[in-house]
Each structure stands twice: as C-alpha cells, then as structure tokens.
Amino acid sequence: MSPFHLAFRIDAIEPTRHFYAGLLGCRQGREAANWIDFEFYGHQISAHVGPRPEKVLMTRVDDEEVPLSHFGAIVDWPEWQRLAERIAASGNDFVVTPHVRFAGQPGEQGTFFVADPSGNVLEFKAFRDRSAIFANDHNDGSVGEQAA
C-alpha cells in the first residue's frame, strides 16, 4: 500500500507534538515555525497552524452522531484496546466512546473517536475480520464488484 499524505489545521505546535508524538506514539518528522509532520501508522500527516473553522459539521453513522470531518487509522484489535486504554488514562475525553459498531454484520468493527488539542477528530478502528474492511451488503468485500 502506498502511504498517503494528509495536511490539516492546528492551533499550535507544542500541544500537537505532545498529542501525536507523546500520547499516540507517532514518530515526528520535519517541522518549521508553522507546521510539523508525523509518521501516522505508516502515513505522513502534516499539521499546519491556522485559524479554527467556525462550525463543526456532524453526520450520522449506525444511528450515532459523529463529526463529519475526521481521519484515523485501522489497527489490530489488541492495539485498538491498548490505545483506548492509554487515551482514557491520559484524561483525554472521547468524542465517541469505544464500542462495537455493525455487530454481526459485514464490517463489524471496534471504533472510538478522540479530538486532538486543536479540535481535529480522529477515529481509530479495529476489524475482527480485516478482510471485511470494504465489505458491504452489495458485494463480497471485493472492491468494485456489485451484486447481480
């Protein structure tokens, strides 16, 4: 898989460094006065200092309200549990507490949402069956296939 690059807005460098490098354990990359890079589960994220948006948009997933704009990582189940425990122990509040979504359905997953110090929301997921990451009711999990 090719690594992706994601640039996003932050309030300040130091709280961002503490959250991503300190709490999440991301390796820090390059930085300048107004941005800092991290290795985020094999991908490059670049946090840039800038103004906060006026409004956070929300959407519904599996009958639950979640922030529309978010990013995150899919990790294995034990890592997902360890990360949830580490975040809870740190005193950070969950935006959406750890729970299982789509139980008994294709794509059953553990999920939780947490915000960084600048209000950016991250979702961490774990699938009991990683081959079901792209599964849905209309195909067998293969990307691009459709039911007849």
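Which residues have the most contacts inside the largest nonpolar core? They are Tyr20, Leu24, Phe40, Ile87, Phe112, Leu122 and Phe124, in a core of 27 residues. β1 (5–10), α1, β3 (35–40), β4 (43–49), β7 (70–74), α2 (77–90), β9 (109–115) and β10 (121–127) each supply at least two of its residues. The largest share, 5 residues, comes from α2.

Before going further, a word on confidence. This is a predicted model. The mean pLDDT of the protein chain is 89. A pLDDT of 70 or more is reached by 91% of the residues. One stretch stands apart for the reader: over residues 138–148, pLDDT stays under 50. For that stretch the model has 9 contacts beyond four places in sequence. Where pLDDT is low, the predicted coordinates should not be read in detail.

Now the overall layout. The protein chain holds 2 helices and 10 strands. Read from the N terminus, the elements run β-α-β-β-β-β-β-β-α-β-β-β. The radius of gyration is 16 Å, close to the 15 Å that the globule rule gives for 148 residues, so the chain is as compact as a globular protein of that length. Along the principal axes, the C-alpha atoms fill a box of roughly 55 × 35 × 30 Å. Of the 148 residues, 35% count as buried. Take the contacts between residues at least 6 apart in sequence: 51% of them join residues at least 24 apart.

Start with the sheet that contains β1. It is an open sheet of 4 strands, in the order β1-β4-β3-β2, with mixed pairing. Its edge strands are β1 and β2 (27–32), and each pairs on one side only. Neighbouring strands are turned by 20 degrees against each other on average, direction ignored. Strands of a sheet pair through backbone hydrogen bonds, either parallel or antiparallel. Both senses can be followed here on β4. β1 and β4 run parallel, joined by 6 bridges. Leucine 6 stands opposite isoleucine 45 in β4, and isoleucine 10 has valine 49 of β4 as its bridge partner. β3 and β4 run antiparallel, and 6 bridges join them too. Here isoleucine 36 has alanine 47 of β4 as its bridge partner. The hairpin of β3 and β4 has 2 residues between the strands. In this hairpin, tyrosine 41 takes a positive phi near 50 degrees.

Which strands does α1 lie across? The helix lies across β1, β2, β3 and β4, running at about 5 degrees to β3. Helix α1 spans residues 13–23. Its buried residues are Ile13, Thr16, Arg17, Phe19, Tyr20 and Leu23. Tyr20 is also one of the residues with the most contacts inside the core. Just after α1, glycine 25 takes a positive phi of about 80 degrees.

Turn to the sheet that contains β10. This one is open as well, with 4 strands in the order β7-β10-β9-β8 and mixed pairing. The edge strands are β7 and β8 (94–101), each pairing on one side only. The twist averages 15 degrees from one strand to the next. β7 and β10 pair in the parallel sense over 5 bridges. Within that pair, histidine 70 has valine 121 of β10 as its bridge partner.

Helix α2 lies across β8, β9 and β10, at about 30 degrees to β9. Phenylalanine 112 gives a detailed view of the packing. Leaving aside neighbours within four places in sequence, its contacts include Trp80, Leu83, Ala84 and Ile87. Phe94, Val96, Leu122 and Phe124 are also among them.

Finally, look at the loop between β9 and β10, where proline 117 has its place. Is proline 117 buried or partly exposed? Its relative accessibility is 38%, so proline 117 counts as partly exposed. Beyond its neighbours within four places in sequence, proline 117 is in contact with Asp11, Pro15, Thr16, Phe19 and Arg52. Thr16 and Phe19 are among the buried residues of α1. Proline 117 and arginine 17 are 100 residues apart along the chain, yet their C-alpha atoms are separated by 9.9 Å.

Note on methods. Residues are numbered from 1 along each chain as its sequence is written. This is a predicted model: local features need pLDDT of at least 70, side-chain atom pairs count only at pLDDT 80 or more; totals for chains, interfaces and linings use all residues. Side-chain values use heavy atoms; hydrogens and water are left out. Buried means under 20% relative accessible area, exposed over 50%, partly exposed in between (1.4 Å probe, protein chains only). pLDDT is the predictor's confidence in each residue, from 0 to 100. Contact means heavy atoms within 4.5 Å. A nonpolar core is a set of buried Ala, Val, Leu, Ile, Met, Phe, Trp, Tyr and Cys residues joined through side-chain atoms within 4.5 Å. Two strands pair if DSSP finds at least two bridges between them. Axes are lines fitted to C-alpha atoms, for helices over the stretch in contact, and angles run from 0 to 180 degrees between N-to-C directions. The radius of gyration is taken over C-alpha atoms; the globule rule is 2.2 Å times the number of residues to the power 0.38.
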